[in-house]
Amino acid sequence: VSTEVSAAGRIEVQGRRSPAGRGGAIDAHLVSLVSPKSFEAEQYRSLRHALDRTRPPAGPRVVAVTSPGVGDGKTTTAINLAGAYAQSQGARVLLVDADMRRPGVAVRLGLPERSRGLADLLADPSLDLDAAIRTPSEQTLSVLTAGRERRDPHLLLQSDTLGVLMHRIRTCFDKVIVDTPPVLAVRDSHLLEAFVDGFLLVVASGYTSRHGLGESLDEMAPGKVLGIAFNRDHSRFTGHYRAYGRYYAPTA
Amino acid sequence: VQQLRVLDAAIPPQEPFAPDRLPLLVVAVILSLVFSAAVLFIRETVDPTFHRVEDLRAFTRVPILACIPPTSTLMDRVGARLKTMGALLVLLTTLSIGIVAAYVFAAGNHGIARLIARMGS
């Protein structure tokens, strides 16, 4: 297994498109991809810069995005953050959907759901990473979807293949954003802990509970928590902040 | 022969004699203010979520890397507009049903009819 993987060279990232007719449109909430010049996309760029400052000089290489529960905006944040990284010229950025129980990345990006992905790579070590990487139409971002293998995600993540795969991914990409399952729902994110540089925790305004956040922070290794992204924050972006943002909005 | 004499003619009151509406109105206004304040207070204390980034900062020392505004697409805005219009429609319907019901109920009762008429003006 390991020889097969280590023998493989760098993979070709550019140019792979989702099969015509099967891929849909990208969700309009993914502002980093659909409207990179917008005020909203600017916030994800500032998240990216803040994240990079947590691990000087170059920032964390592999960032897992998680949240206490379902519905905090974890997947949206992960995709937009990956999109913010992909805006850099020549950056090799990979987005991994490790939430194999409730995968959301493929649908949001208009990629075929029932194609090879992370679960398939973990279940069958002979598969090549290159064969599972997709690129949404008109994007430079590479995506590894959750996959179609339906074996228990917890068992898949426990296999030795995960370490080998993550090593391979690190050699092929400059930045890797991993969308992981919620901290409190399942214990999958613990299995990923050893292979990521840190976790970004998404907390939604008026949604995530104090209790949930407290428990999540207790569950996570303190050194691995890079920081919090406060999502759906209404309070700051009204009045002149908002008007200021409009000033920079592209005129159509 | 006994004669009946009207010593003092009874005059029907122009206005309803009772109840005295002003104190009732004052009490109702005060009670509703107190009640809504209590509901607000309870909701604020029971609500376990974070509303401002300051709430979050007070709760944990983990750095807050970014505040991200809610992203509203054209479809979201259209959806929100439709929802508002729907709510307005429900409100107007309920109000008009209430007004019609009040008029029907008060038909023949001049006191109540006068009161409603005065409230309306």
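Let me begin with chain B, which has 121 residues, 14% of them counted as buried. Please keep in mind that we are looking at a predicted model. The secondary structure of chain B consists of 4 helices and 1 strand. Following the sequence, these elements come in the order α-α-β-α-α.

I turn now to the contact between the two chains. How many residues does each chain contribute? Chain A supplies 37 residues and chain B supplies 23 residues. In chain A, the greatest loss of area to chain B falls on A:Arg210, A:Ile228 and A:Phe230, which together account for 28% of what that side buries. Taking both chains, the buried area is about 2,600 Å², and carbon and sulfur atoms give 68% of that area.

What of the polar side? Between chain A and chain B there are 9 residue pairs in polar contact, with both residues at pLDDT 80 or more, while the count of salt bridges is 0. On the chain A side, the elements that give two or more residues are helix 3 (39–52), strand 6 (198–204), helix 10 (210–219) and strand 7 (225–231). The residues on this side comprise 19 nonpolar, 13 polar and 5 charged.

Finally, I would draw your attention to the strands. Strand 7 of chain A pairs with strand 1 of chain B, residues 64–67, in the parallel sense over 3 bridges. Within chain B's strand 1, B:Ala66 is the residue opposite A:Ala229.

Definitions and conventions:
Residues are numbered from 1 along each chain as its sequence is written. Chains are lettered from A and ligands numbered from 1 in the order in which they are written. This is a predicted model: local features need pLDDT of at least 70, side-chain atom pairs count only at pLDDT 80 or more; totals for chains, interfaces and linings use all residues. Side-chain values use heavy atoms; hydrogens and water are left out. Contact means heavy atoms within 4.5 Å. Buried area is the accessible area (1.4 Å probe) that two parts lose on being put together, summed over both. A salt bridge is a side-chain nitrogen of Lys or Arg within 4 Å of a carboxyl oxygen of Asp or Glu. A polar contact is a pair of N or O atoms within 3.5 Å; within protein, one must be able to donate a hydrogen and the other to accept it, and residues adjacent in sequence count only if both atoms are side-chain atoms. Ala, Val, Leu, Ile, Met, Phe, Trp, Tyr, Cys and Pro count as nonpolar, Asp, Glu, Lys and Arg as charged, and the others, Gly among them, as polar. Two strands pair if DSSP finds at least two bridges between them. Buried means under 20% relative accessible area, exposed over 50%, partly exposed in between (1.4 Å probe, protein chains only).
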